[in-house]
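Please open the structure in a viewer and keep the selection tool at hand. The stops below say what to select next and what is to be found there.

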Amino acid sequence: MALSYSIYKRKHPFKKEVKKTILEAFPSNERLPICVIKHIAKRKGIEFRVYEDELGFAAIAYLLKNEIATYLLYFAVAKNRRNQQLGSKIIDLLIKEDINKEFYLCIEMPNEDVLMTIRRLNFYRRHGLIDLDAILVENIDYLLMANKKVDDYKNINELLKLSYFFKYRPYVKAMKKVR
């Protein structure tokens, strides 16, 4: 199965599938409005990727990138393509793409009462990502994960500035240690 991607543009052939996937994958309180997502995707340092294979549309990956680090802001596999190892293939490709860079993503805080949060944490751990002692502060807090341990969060916070829009100003801070 040959997997490839194109950069999302206004008249992308999978425009409807992209919108549907974003709406299905991310609750409204966990995503920017689609018009904002599309608008800021035009900025330098942002890649809005649309993945496909011989079966058609497969997934989206929304990346914030600079010379030091990459942050995976949004990642979703099309609902009808889940459980086919596509997510694993794409995550592995993204991590290996810039192997010498810091690679970040955030997930909901793991919660034993919400099985999907534990499954998601374990999925990313299986792909070599580690939990950092940091949270991404937005409208809710997210656990920050990366491909390597980092001493400070300057690089990720610089990347996050690419996604600033009006009052939307996410940032990463160290977690408070629980004793």
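**First stop: Tyr-104 and the cores**

Select Tyr-104 and display what surrounds it: beyond the neighbours within four places in sequence, Tyr-104 is in contact with Ala-69, Thr-70, Tyr-71, Leu-72, Leu-132, Leu-144, Met-145, Ala-146, Val-150, Asn-155 and Ile-156. Contact here means heavy atoms within 4.5 Å.

The model is a predicted one, in which local features need pLDDT of at least 70 and side-chain atom pairs count only at pLDDT 80 or more, while totals for chains, interfaces and linings use all residues. Residues are numbered from 1 along each chain as its sequence is written, and side-chain values use heavy atoms, with hydrogens and water left out.

Next, select Val-18, Phe-48, Tyr-62, Tyr-71, Tyr-104 and Leu-144, which touch the most other members among the 40 residues of the largest nonpolar core. A nonpolar core is a set of buried Ala, Val, Leu, Ile, Met, Phe, Trp, Tyr and Cys residues joined through side-chain atoms within 4.5 Å. Buried means under 20% relative accessible area, exposed over 50%, and partly exposed in between (1.4 Å probe, protein chains only). Strand 4 (residues 69–77) supplies the largest share of this core, five residues. Helices (H or I, at least four residues) and strands (E, at least two) are DSSP runs, numbered from the N terminus. Another core, of 22 residues, lies apart from it and includes Ile-107, Phe-123, Leu-143 and Met-145.

**Second stop: Phe-123**

Select Phe-123, in helix 4. Is this residue buried or exposed? Phe-123 has a relative accessible area of 16% and is therefore buried. Leaving out residues up to four places away in sequence, Phe-123 touches Gly-87, Ser-88 and Ile-91. From Phe-123 to Gly-87 the separation is 36 residues in sequence and 9.5 Å in space, C-alpha to C-alpha.

The structure holds seven aromatic pairs. Rings of Phe, Tyr and Trp (its six-membered ring) pair if their centres lie within 6.5 Å; planes under 30 degrees apart count as stacked, over 60 as edge-to-face and the rest as tilted. Select Phe-14 and Phe-57, a tilted pair with 5.8 Å centre to centre and 45° between the planes. This pair links distant parts of the chain, 43 residues apart: Phe-14 is in the loop between strand 1 (4–7) and helix 1 (15–25), and Phe-57 is in strand 3 (residues 56–65). Phe-14 counts as buried at 15% relative accessibility, and Phe-57 is buried at 8%.

Then select Tyr-8, Phe-26, Phe-48, Tyr-62 and Tyr-74, which form one aromatic cluster. At Tyr-5, the charged end of Arg-49 sits over the ring, 4.0 Å from its centre. A charge sits over a ring if NZ of Lys or CZ of Arg is within 6 Å of the ring centre and within 35 degrees of the ring normal.

**Last stop: a loop with positive phi**

Select Asn-83, in the loop between strand 4 and helix 3. Asn-83 is not a glycine, yet has a positive phi of about 65°; at 76% relative accessibility Asn-83 counts as exposed. Finally, select Gln-85, which is found in the loop between strand 4 and helix 3. Gln-85 has a positive phi of about 70° although not a glycine, and Gln-85 is exposed, with a relative accessible area of 53%.
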